[in-house]
Amino acid sequence: MGKTIASVMIMTLAAVLGFFLGTAINSPEMGAVLLVMIAGFGCTILAVESC
């Protein structure tokens, strides 16, 4: 349960960071989606490896 909460928090922070970084390229939504996808894949891989 703790890893799930940490993964969601990491993805939320990545979305906020991606939104602000995406404004530099005039596409905040795509910046947020890109960083959330990268963080999500990383969290999924970490969860699978730790089982």
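What span should the 21 residues of helix α1 have at 1.5 Å a residue, and how far apart are its end C-alpha atoms?

**View 1. Helix α1, residues 2-22.** This is a predicted model, in which local features need pLDDT of at least 70, side-chain atom pairs count only at pLDDT 80 or more, and totals for chains, interfaces and linings use all residues. Residues are numbered from 1 along each chain as its sequence is written, and side-chain values use heavy atoms, without hydrogens or water. Helices are DSSP runs of H or I with at least four residues, and strands are runs of E with at least two, numbered from the N terminus.

View 2. Ser7, Ala14, Gly18 and Gly22 are buried (under 20% relative accessible area; exposed is over 50%, partly exposed in between; 1.4 Å probe, protein chains only). Seen down the axis of α1, the buried residues fall within an arc of 55°, so they line one face of the helix; the arc is that of the directions from the helix axis to the C-beta atoms. They pack against α2 (28-49), with contact meaning heavy atoms within 4.5 Å. On the other side of α1, Gly2, Met9, Leu13 and Phe20 are exposed.

**View 3. The aromatic pair.** One such pair is found in the whole structure. The ring centres of Phe19 and Phe20 are 5.8 Å apart and the planes stand at 80°, so the pair is edge-to-face. Rings of Phe, Tyr and Trp (its six-membered ring) pair if their centres lie within 6.5 Å; planes under 30 degrees apart count as stacked, over 60 as edge-to-face and the rest as tilted. Phe19 counts as partly exposed because its relative accessibility is 38%, and Phe20, at 56%, counts as exposed.

Technical notes: Expected span 1.5 Å × (residues − 1).
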